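Subject: Structure for your files, with notes

Hello,

Here is the structure I said I would pass on.

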Amino acid sequence: MTVAAQDGFQGRINPKSTLDAAAMRRLATLARVARLMDTALRIPGTRIRFGADSIMGLLPGIGDAAGALVGLAVLNEARKLGLPGNKQMQMLGNLATDAVFGSVPVLGDLFDVYFKSHRRNIQIILDHFELTHEDLNGR
């Protein structure tokens, strides 16, 4: 990571400037994975989106475990980027919620369509570093 730049007016560190180009590329990759897991597909004629997490959840036990492993990889990357512990715990809570409720047969799959834990966790990271999805796509 690069040395953080100082904000000229208030002397605070600008979180966006703490990420180097390699970190931004890794974060962009994580955002693409989250999209694949949670919102890659749309039900025609509706605004309902779902992804691989919902489809994998149809396999009892195995699918939910695979989705949780992907979520843990995102969490590990957030740790490497320096995300504070309280935000990591919030991300872990999202994963736990998804794993617990997602493991309920049939209803859990519907819950996965709604909850989208991977996208929520990417948003926590983006908010912390004061980034938008456009910042990731532009690099």
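Predicted model: local features only at pLDDT ≥ 70, side-chain atom pairs only at ≥ 80, totals over all residues.

Residues are numbered from 1 along each chain as its sequence is written, and side-chain values use heavy atoms, with hydrogens and water left out.

Overall fold

The protein chain has 7 helices and 2 strands, in the order α-β-β-α-α-α-α-α-α along the sequence. Helices (H or I, at least four residues) and strands (E, at least two) are DSSP runs, numbered from the N terminus. Of the 139 residues in the protein chain, 36% are buried. Buried means under 20% relative accessible area, exposed over 50%, and partly exposed in between (1.4 Å probe, protein chains only). Among contacts (heavy atoms within 4.5 Å) with a separation of 6 or more, 52% are between residues 24 or more positions apart.

Salt bridge

The search of the whole structure gives 1 salt bridge, defined as a side-chain nitrogen of Lys or Arg within 4 Å of a carboxyl oxygen of Asp or Glu. The partners are E77 and R26, at 2.4 Å, N to O. E77 is in helix α3 and R26 in helix α1, so the pair ties together parts 51 residues apart in sequence. E77 is buried, with a relative accessible area of 11%, and R26 is partly exposed at 35% relative accessibility.

D64 lies in helix α3, which covers residues 62–81. Not counting residues up to four places away in sequence, D64 touches M56, G57, L59, G102, S103 and D112.

M37 is in helix α1. M37 counts as buried because its relative accessibility is 5%. Leaving aside neighbours within four places in sequence, M37 is in contact with G51, A52, D53, S54, M56, G67, V70 and H118. F50 is 13 residues from M37 in sequence, with 7.7 Å between the two C-alpha atoms.

Cavity and pocket

Both come from a 1 Å grid over the protein atoms alone: a cavity is a set of points where a 1.4 Å probe fits but cannot get out, and a pocket is an open set with protein on both sides within 12 Å along at least five of seven lines; lining residues have an atom within 4 Å of a point. Grid points are joined across faces, edges and corners, and a volume is the space filled by probe spheres set on the points.

There is 1 cavity of 30 Å³ or more. The largest cavity holds about 50 Å³ and is lined by D53, D64, G67, A68, L95, D98, A99 and D112. Helices α3 and α4 (85–102) each give two or more residues to that lining.

The largest pocket has a volume of about 150 Å³. Its lining consists of A28, A31, R32, R35, R119, H133, L136 and N137. Helix α1 supplies the largest share of this lining, 4 residues.

Regards
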